[in-house]
Amino acid sequence: MRSAVLDEAGLARWGREVGAIADREEVFVALTGPLGAGKTRFTQAACAGAGVDEAVTSPTYTLVHWYAGERGPVGHADLYRLRDPSELLALGWEELEAHSGAVFVEWAERAGEELPMDRWEVRLEFADAADAADGAVAGVLRRVTARGLGRVPPVPDPGPYADGAGASAC
């Protein structure tokens, strides 16, 4: 498991690297974290890394967006409005799971046991004052924790993008 505290610019740079590798390696990326922690911002950067040229917006109401990426379609889902994992079939979950390309799913914990076994998990949280190095304002920093599950390539290390804000490998 890898962890780092990133500012907005670091999150965007790391997100672009994650997106490029996820697209090339066809990785499903499960994003979790509280409301406003940066899941959509991260996905915007990841989609840019996957070659998406159009605006990437949160699919909170439509639940799934598909974008034209460099290697093919890039999936982006937001499960915030799901009440139960049984609702996944209605939004085309099987297509997302089977997609041979990058897929980014916000509020992935709402999928429960339906998440694919092979995936990257990225958790974004607001960094607290103890995480903020050099007296930086805690609200603009995010603690990101990432790990790979199953048969996926190693998740890119967010540490090099921390710019001194703090990083650790666990």
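The structure is a predicted model, in which local features need pLDDT of at least 70 and side-chain atom pairs count only at pLDDT 80 or more, while totals for chains, interfaces and linings use all residues. Residues are numbered from 1 along each chain as its sequence is written, and side-chain values use heavy atoms, with hydrogens and water left out.

Helix H1 covers residues 8–25. Helices (H or I, at least four residues) and strands (E, at least two) are DSSP runs, numbered from the N terminus. The expected span of a helix is 1.5 Å times one less than its number of residues. The N-terminal end of H1 is capped by aspartate 7, with a side-chain oxygen 3.3 Å from the backbone nitrogen of alanine 9. This is a polar contact (a pair of N or O atoms within 3.5 Å; within protein, one must be able to donate a hydrogen and the other to accept it, and residues adjacent in sequence count only if both atoms are side-chain atoms). After H1 comes glutamate 26, which has a positive phi, near 60°.

The protein has 3 helices and 8 strands, and from the N terminus on its elements run β-α-β-α-β-β-α-β-β-β-β. Of its 170 residues, 49% count as buried. Contacts (heavy atoms within 4.5 Å) with a separation of 6 or more are made to 70% by residues 24 or more positions apart.

In helix H2, the buried residues are Lys39, Phe42, Thr43, Ala45, Ala46 and Cys47. The elements that cover them include H1, E2, strand E3 (64–68), strand E4 (73–78), E5 and E6. H2 is followed by glycine 51, with a positive phi, near 90°.

A search of the whole structure finds 3 aromatic pairs. Rings of Phe, Tyr and Trp (its six-membered ring) pair if their centres lie within 6.5 Å; planes under 30 degrees apart count as stacked, over 60 as edge-to-face and the rest as tilted. One of the pairs joins tryptophan 14 and phenylalanine 42, whose ring centres are 5.3 Å apart and whose planes stand at 45°, so the pair is tilted. Tryptophan 14 lies in H1 and phenylalanine 42 in H2 (residues 39–49), so the pair ties together parts that are 28 residues apart in sequence. Tryptophan 14 is buried, with a relative accessible area of 0%, and phenylalanine 42 also counts as buried, at 0%. Phenylalanine 28 and tryptophan 93 form an edge-to-face pair, with 5.7 Å from centre to centre and 75° between the planes. Phenylalanine 28 belongs to strand E2 (residues 28–32) and tryptophan 93 to helix H3 (residues 93–98), so this pair ties together parts that are 65 residues apart in sequence. Both phenylalanine 28 and tryptophan 93 are buried.

Tryptophan 107 has a charge over its ring: the charged end of lysine 39 lies 4.1 Å from the ring centre. A charge sits over a ring if NZ of Lys or CZ of Arg is within 6 Å of the ring centre and within 35 degrees of the ring normal.

Alanine 108 is placed in the loop between strand E5 (103–106) and E6. Alanine 108 counts as buried, at 1% relative accessibility. Beyond four places in sequence, alanine 108 touches Ala30, Leu31, Thr32, Leu79 and Leu115. From C-alpha to C-alpha, alanine 108 is 8.7 Å from alanine 77, and the two are 31 residues apart in sequence.

Arginine 119 lies in strand E6 (residues 119–126) and is buried, with a relative accessible area of 12%. A polar atom of its side chain lies 2.5 Å from the backbone oxygen of proline 116. Not counting residues up to four places away in sequence, arginine 119 touches Phe28, Ala30, Arg147, Gly148, Leu149 and Val152.

The pLDDT (the predictor's confidence in each residue, from 0 to 100) averages 87 over the protein, and 88% of the residues score at least 70. Among the elements, E2 has the highest mean pLDDT (97) and strand E8 (residues 167–169) the lowest (44). The pLDDT stays under 50 over residues 131–139, for which the model has 12 contacts beyond four places in sequence. Residues 165–170 also stay under 50, with 13 such contacts. Where pLDDT is low, the predicted coordinates should not be read in detail.

Note on methods:
Buried < 20%, exposed > 50% of the residue type's maximum accessible area, 1.4 Å probe, protein only.
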